[in-house]
Amino acid sequence: MSGKRIMRYSFGERVNHWISGLAYIYILLTGLAFWSPYMFWMVILFGGGPSARFWHPWVGLIFSASVFWMHHIWRTDMQTTKEDLAWKDAIGHYIRNEDEDLPAIGRFNWGQKQFFWVMFYGTLGLLLSGIAMWFVNDIPWSLRYIRYAAVVVHAVSALITIGAFIIHVYMGTAMVRGGFNSVIRGEVTADWAKTHHKLWYDKMTRGAAGSAAKK
């Protein structure tokens, strides 16, 4: 706690968030360029075809590592609770920006948790299929079905994560005011926390009060 502001994301969480976001944008644009000749012009932005082809899998590994680190530190927070289910049942209020009518929730709401798991499993799909496509010449012809499956899994995983990513950016920048600022500065106002994540706000304020009492 600092005055009327509450720390929502640590410096490490914010750095990792931006690493994953920028890495995903890179593999998204280069991946679309490889997928369709109509979008191949985008490789010009990344040094040309050979350069994009070389860096695409390596940046994909960076993105995967950042997502797995998020899973390591957030997996407990991302478990669905009974409060999340109550929030999901009242999601109509969220869509209509009637936040005062939503049930109290913890650090992340039900929608944010769904996004997290979609991206986590989508990343697994991209990573495993991407490795198979990266070293496709090492797959024997007798196991050629792995090649075909990898192409399909990579495309499906990409489409799912692209859709989730677009929704995530929209929600964080346009729909929920204050959300984008929290991944830059790391802080949110007490009023924002109380409105959007009441249970988390109560937990943080109790912790701050307890620390102050010990002093």
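Predicted model: local features only at pLDDT ≥ 70, side-chain atom pairs only at ≥ 80, totals over all residues.

We'll start with helix α1, which covers residues 11-35, and then move on to the aromatic pairs, of which a search of the whole structure finds 15.

**Helix α1 by itself**

- Quite a list of α1 residues is buried, including E13, R14, N16, S20 and G21.
- Also buried in α1 are A23, Y24, Y26, I27, L28, T30 and A33.
- The cover over these buried residues includes α2, α5 (110-134), α6 (144-175) and α7 (179-185).

**How α1 meets α2**

- Helix α2 takes in residues 49-74, and its axis comes within 8 Å of the axis of α1.
- The two axes cross at roughly 145°, and the crossing is left-handed.
- Sorted by class, the residues in the contact of α1 with α2 are 15 nonpolar, ten polar and two charged.

**Aromatic pairs**

- A pair of aromatic rings is described by two things: the distance of the centres and the angle of the planes.
- Take W18 and F180: their ring centres are 6.0 Å apart and their planes sit at 90°, so this pair is edge-to-face.
- Because W18 lies in helix α1 and F180 in helix α7, the pair ties together parts that are 162 residues apart in sequence.
- F68 and F120 make another edge-to-face pair, with 5.9 Å from centre to centre and 75° between the planes.
- That pair also links distant parts of the chain, since F68 is in helix α2 and F120 is in helix α5, 52 residues apart.
- F68 has 28% relative accessibility and therefore counts as partly exposed, whereas F120 is buried, with a relative accessible area of 10%.

**A ring cluster**

- Which rings are linked into a cluster with F68? Ring pairs join F68, F116, W117, F120 and Y121.

Definitions and conventions:
Residues numbered from 1 in each chain as written. Heavy atoms only, no water. Axes fitted to C-alpha atoms, helices over the stretch in contact; angles between N-to-C directions. Helix = DSSP H or I, 4+ residues; strand = E, 2+ residues; numbered from the N terminus. Left-handed = near helix turned anticlockwise from the far one by under 90°. Nonpolar A, V, L, I, M, F, W, Y, C, P; charged D, E, K, R; others polar. Buried < 20%, exposed > 50% of the residue type's maximum accessible area, 1.4 Å probe, protein only. Contact = heavy atoms within 4.5 Å. Phe/Tyr/Trp six-rings, centres within 6.5 Å; stacked < 30°, edge-to-face > 60°.
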